[in-house]
Structures are given as C-alpha cells and as structure tokens.
Amino acid sequence: MPSPYRAIFAAPGTKAFSAAGLIGRLPISMVGVGILTMISEITGRYAMASALTGTLALAAAVMGPQVSRLVDQYGQRRVLRPATLVSVASVTALVLAAANGLPDWTLFVFAAVAGCVPSVGSMVRARWTELYREAPRELHTAYSFESVIDEVCFIFGPILAIGLSTTWFPEAGPVIAAGCLLVGVWLLTAQRATEPPPHPRSADGDGSSALRSPGLQVLTATFVATGAIFGSIDVSTLAFAEEQGHKAAASFILAIWAAGSCLAGIVFGLLHLKGRMERRWVLGICAMAVSMIPLLLAGNLPFLAVALFVSGLAIAPTMITTMALIEAHVPRAKLTEGMTWISTGLAVGVAIGSSVTGLVIDAAGAQRGYVVSISSGAAAAAVAFAGYRRLTRPAQGEEPSRDGDIGESSGERADHVA
C-alpha cells in the first residue's frame, strides 16, 4: 500500500472502523440485485422483481437522509442499531413472504420499510472527517480510499448476490446481505472512540435540513443527473451484450468500468492538487459527460469495454472532490446528512435513468440507450455550470465542517485542502 494510505491508518481505530464499514457497506450493492434475482428465480416475473427493487431504492432515497439527520443529532450508535434492525427485519419478512407466496402488496410494503437502511459509507466518512479535520492531506487520502472501497463493493456485491441466489437457493442473496449489514453496523457502532460526537438540537437551535445549503442543492441536483448516467449505462450495457449474443459478458464489462474508477481513485489519493475545488469538480463532471460520447459509437463489446474503462476514470476523482465540497458547505452538525443527500440524488437518478433507458431500448435498440447516458451527462454539466457561483459563495448560517476564517469563500478553503 502506498505510503499516504499507510499514513491514514496509523491513527488508532481506523483499521477497525474501515473493516466494519466494508462489511456493512457491501450489502448496499447486494440487496437490490439479490431481491431481483430471488423474485425472478421464484416467480419468473421480471417486471415484478424490477418494481420491488425500484421501490426499495426510492424508499432508501427518501428515508436515508432522515436516518442520517437523526445520526447527526443523537449519534451513530443510538440511531444506526434500531434502524438496521428494522431494515433487516423487513428484508427477512420480504424473503419469507416471497418464499411462501404471500400477496404482492405485502412484498412492496416490506421493500418500502427496508428502505430505512443506513448509509454506512456516509458514517465511515464522517469518522474520517472527525479524525482528520485539521489534516487536509490525510482527509483527501481518506476520501480517496473510501471511493475505492465503494467501487470494490459495487464490483463484487452484485456478483456475490447473483451467485448465491442462483447456485445455492433463491433467497440466499438477500439473506446473506442482511446478515452482513447487521454484523457490519454492530461492529462499527461498537467502536465508540472514533464515533463523531452528536450535535443535539437546542430548543432555539436550527433544526432545518442540510439541504437548505445552496451548495449542497447544486451538488445533489448534479448527482441526480449523474445517477441517471449510471442507471442508463447499466441497462444499456446489459441489453447491448445480449444483442451481441454474450449477455453474461455484461457483468464483466461493467466491472471494467468500475475498475477504471477504482484505479483513478487510488491515483487521485496520492495527488495533492492546488487550486479551487469547485473548478476541479466542474471539470470532473464535464469529463464524465464527454466520456459518454464514445459509448454511442461502440460497435462491439471490446470497444465498449475500453470506452467504459476510460469513462470510469472520471468517476472516483469527482466523487472525492464532491465529499470535500460537502464538508466546505454543510454545517458540522449536519455533515452525515449532507453526505447522504448525495447518495439520495444518485439513487433517484439511477431509478430515472434505468426506467427511461428501458423505454428507449424497447423503441430503438440497445445502442440507442446510450443516448440517455449522453443526455444525462450534458444535464449534469449544465447544472454544474449553472450552480458554480453558489459553490464559490461562503456557506451561510452555521459554521461549515471545514474550519476557515469568516471572510473565506469555500474556494479559498479549497486551496487549503489542496
């Protein structure tokens, strides 16, 4: 492991909470595809399976920020454990209902309640932030490491869930995912020394949402469009591989895409770039948008794999910069909620992008699905440019997470981070 990564793990407790976070985060990429595979294996109803996973994703998008908001107020241990128990119990009930042929509406109820699953990645990032708040370079490396872990989870999580449900028994994927979530969250919350302190709301304090921050509004809106990129690429790649007669190759090609992001995240964590974070962020969004164009020109799977690998190089650096911008624009007492809103934007975007892409593919063929990817990239770039001035303004209201002089803009704080 390169020395900057060794350095961040020199602090006590970092290896333990990172390992627990990995266990607890892996199920996030397993539950949805596990339910999809389970329902399709039991009933053969792909439309029903897709509707259930969509319900779970949208429920998580709605409830996730609220869970994180409670975490900021009361602490990780007090909130995560009951929220996890409710989510795990709901997934278990969903599995039992599907296995015993209960009415469809019960499956949707359980899927919706399971959406209170906590954003484990945001919880781990909040611990890194608390630990290295006064050490910008180490925090940059920690954010980079977390982005790499995200990609690893999204590479291996779906493969593991599908493999369990297809080779063991249909319910294995979601059952194992729920078990990992329970174990990971319990191990994470057992580590009190690195847990960020809660920020109780006083009677006359500000109980508003972190989303009132203009900077966070820009970031979240942009990541709705970015999520649409991700959703459209997933669906289009699966359909394109099927048209080419190699449907099974889709997972391998998507893994190459994630590997590009993973590699870029590792390298980005070794760099200490100077200049304004806002400009770097807009550049990353634009790079993602431009990298969508070659996908429409792909005539075969090898060309598509190369094009996706190149496009993946822009993802992790942009995500890393996004987390740093959240720290600059969101009050310290609302940091976990602020990070979760990005995940919410992505989840909503994925649902929109995959749905629209499915309609386009049915009407015009698989390759035309990448038109949605290009359009989503253009929309993300447009929102980023339109909101650039908001990102360069000082955070209003409470003290932002990144300490700075009263007169500093977030961009000037970014120079210190770099």
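**Notes on helix packing, core and aromatic pairs**

1. Ser-90 lies in helix α5, where helices are DSSP runs of H or I with at least four residues, numbered from the N terminus. At 6% relative accessibility Ser-90 counts as buried, a term that means under 20% relative accessible area with a 1.4 Å probe and protein chains only. Leaving aside residues up to four places away in sequence, Ser-90 touches Phe-110, Val-113 and Ala-114, contact being heavy atoms within 4.5 Å.

2. On provenance, this is a predicted model, in which local features need pLDDT of at least 70 and side-chain atom pairs count only at pLDDT 80 or more, while totals for chains, interfaces and linings use all residues. Residues are numbered from 1 along each chain as its sequence is written, and side-chain values use heavy atoms, with hydrogens and water left out.

3. Helix α5 (residues 76-99) packs with helix α9 (residues 172-189) at an angle of about 170°, the axes being 10 Å apart; axes are lines fitted to C-alpha atoms over the stretch in contact, and angles run from 0 to 180 degrees between N-to-C directions. The two helices are therefore roughly antiparallel to each other, the label for angles over 145 degrees. By class, the contact of α5 with α9 has 13 nonpolar, four polar and two charged residues; among those on the α5 side are Leu-80, Val-88 and Val-95, and the α9 side includes Val-175, Leu-182 and Trp-186.

4. The largest nonpolar core has 105 residues, and Ile-39, Trp-128, Trp-281, Leu-304 and Ile-326 have the most contacts inside it; such a core is a set of buried Ala, Val, Leu, Ile, Met, Phe, Trp, Tyr and Cys residues joined through side-chain atoms within 4.5 Å. Helix α10 (residues 214-243) supplies the largest share of this core, 11 residues.

5. A search of the whole structure finds six aromatic pairs, that is, rings of Phe, Tyr and Trp (its six-membered ring) whose centres lie within 6.5 Å. Phe-9 and Phe-145 form an edge-to-face pair (planes over 60 degrees apart), at 5.0 Å centre to centre and 85° between the planes. Phe-9 lies in the loop between α1 (3-8) and α2 (14-25) and Phe-145 in helix α8 (residues 136-167), so the pair ties together parts that are 136 residues apart in sequence.

6. Trp-128 and Tyr-132 form a stacked pair, 6.0 Å centre to centre with 15° between the planes, stacked meaning planes under 30 degrees apart. Phe-9, Phe-17, Trp-128, Tyr-132 and Phe-145 form one aromatic cluster.

Technical notes. Angles under 35 degrees count as roughly parallel, over 145 as roughly antiparallel, 65 to 115 as roughly perpendicular and the rest as oblique. Ala, Val, Leu, Ile, Met, Phe, Trp, Tyr, Cys and Pro count as nonpolar, Asp, Glu, Lys and Arg as charged, and the others, Gly among them, as polar. Buried means under 20% relative accessible area, exposed over 50%, partly exposed in between (1.4 Å probe, protein chains only).
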